[in-house]
Amino acid sequence: MNGGRTGTGDPIPALWRLPFELAWEAFRAGSRPVGAVLYDADGRVVAAGRNRAQETQAPPGQLAGTALAHAEINALAQLPSGRRWDGHRLHTTLEPCLLCSGALVHSHVRHVLYAAPDPLWHGIEDVPSVGGLIAARWARREGPADGPLAAFGTLLMRLWAVRHTPEDLDDTVARTARRCLATVDGLLDAGSAQQAYDLLRPHLGPPDGTG
C-alpha cells in the first residue's frame with residue numbers, strides 16, 4: 001500500500017482525462033462511475049455526460065434518478081437532431097451497453113472508444129450481424145484502452161459496487177477494491193480522478209471484468 005501518497009508521474013492521457021474526471025465525479029455523487037465525452041476530429045469537446053442514475057438532479061436536457069441515466073445517454077442527448085457526426089469519437093470509461101449502443105446508432109455517432117470492458121454485455125459486438133440499418137449505422141468499437149486505464153475503469157466500478165451492492169460481488173477485482181477501500185489512505189477524499197488514479201496505480205493489474 002502507498003500510505004496515501006500521490007504523484008506517480010503517470011498522468012491520465014489527455015483525451016481520457018475528462019471522461020475519467022466525470023466518472024470520478026459520479027462516484028463521489030453515489031452514481032456508477034462512468035463518464036463519456038464526444039470529441040470532434042480536432043479533439044475539441046462537443047458534449048459530455050456522466051452516470052446520474054442514483055441522483056435527483058441533472059443539467060438541462062440530461063437524465064437523473066432513472067436507470068436510463070447512463071453517461072453516454074447524457075452526452076448524446078445534448079446533440080441536435082438531423083446531423084451526422086462523421087469524424088467525431090465518443091470516449092467512455094466503460095464499454096457501452098445495449099442501451100448506449102442503440103443511442104449511438106440513433107445519434108449517428110460512428111466511432112466509440114472505451115477504457116474498461118463490461119462482461120455483462122459480452123457478445124454485443126455480434127449485434128451488427130443482424131444486418132440492415134443496424135449494421136449500417138453500428139458504431140465502430142475500439143477498446144479496451146491500453147495500459148492501466150482499463151484496470152482503472154474496472155476498479156472504479158468495483159469500488160462503487162463494494163460500497164453499494166456488495167452482495168453481488170465475488171471476484172478478484174472486488175477483493176482488490178475491498179483492500180483498497182480499507183488500506184489506501186485518502187482514496188475516498190480524492191478530489192480528482194488523477195488523484196484517485198495516483199493512489200490506485202500500484203493496484204492496477206489486468207482487468208477481469210466490471211460487472
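Helices (H or I, at least four residues) and strands (E, at least two) are DSSP runs, and they are numbered from the N terminus. The peptide bond leading from Gly-143 to Pro-144 is cis, with omega near 0°. The model looked at here is a predicted one, where local features need pLDDT of at least 70 and side-chain atom pairs count only at pLDDT 80 or more, while totals for chains, interfaces and linings use all residues. Residues are numbered from 1 along each chain as its sequence is written, and side-chain values use heavy atoms, with hydrogens and water left out.

Next come the helix pairs. Two packed helices are described by the angle between their axes and the distance between the axes. Here axes are lines fitted to C-alpha atoms, for helices over the stretch in contact, and angles run from 0 to 180 degrees between N-to-C directions. Helix 5 (residues 149-164) packs with helix 6 (residues 172-183) at an angle of about 70°, and their axes are 8 Å apart. That makes helix 5 roughly perpendicular to helix 6; the label covers 65 to 115 degrees, whereas angles under 35 count as roughly parallel, over 145 as roughly antiparallel and the rest as oblique. Contact means heavy atoms within 4.5 Å. On the helix 5 side, the residues that meet helix 6 are Thr-154, Leu-155, Arg-158, Leu-159, Val-162 and Arg-163. Their partners in helix 6 are Val-173, Ala-174, Thr-176, Ala-177, Arg-178, Cys-180 and Leu-181. Sorted by type, the residues of this contact of helix 5 with helix 6 come out as eight nonpolar, two polar and three charged. For that sorting, Ala, Val, Leu, Ile, Met, Phe, Trp, Tyr, Cys and Pro count as nonpolar, Asp, Glu, Lys and Arg as charged, and the others, Gly among them, as polar.

Ala-177 is buried, with a relative accessible area of 0%; buried means under 20% relative accessible area, exposed over 50% and partly exposed in between (1.4 Å probe, protein chains only). Not counting residues up to four places away in sequence, Ala-177 touches Leu-155, Arg-158, Leu-159 and Val-162.

Helix 5 also packs with helix 7 (residues 193-200), this time at an angle of about 100° and with the axes 11 Å apart. Helix 5 and helix 7 are therefore roughly perpendicular to each other. Helix 5 brings Leu-149, Phe-152, Leu-155 and Leu-159 to the contact, and helix 7 brings Ala-193, Ala-196, Tyr-197 and Leu-200. The residues of this contact of helix 5 with helix 7 are eight nonpolar, no polar and no charged. Six of the eight residues of helix 7 are buried, so it is largely enclosed by the rest of the structure. The buried residues of helix 7 are Ala-193, Ala-196, Tyr-197, Asp-198, Leu-199 and Leu-200, and they pack against helix 1 (14-29), helix 5 and helix 6.

Now for the rings. A pair of aromatic rings is described by the distance of the centres and the angle of the planes. Rings of Phe, Tyr and Trp (its six-membered ring) pair if their centres lie within 6.5 Å; planes under 30 degrees apart count as stacked, over 60 as edge-to-face and the rest as tilted. The structure holds four aromatic pairs. In one of them, the ring centres of Phe-152 and Tyr-197 are 5.0 Å apart and the planes are at 70°, so the pair is edge-to-face. This pair links distant parts of the chain, with Phe-152 in helix 5 and Tyr-197 in helix 7, 45 residues apart. Both Phe-152 and Tyr-197 are buried. Ring pairs also link Trp-16, Phe-20, Phe-152 and Tyr-197 into a cluster.

His-108, in the loop between helix 3 and strand 4 (111-116), has a positive phi of about 65° although it is not a glycine. His-108 is buried, with a relative accessible area of 14%.
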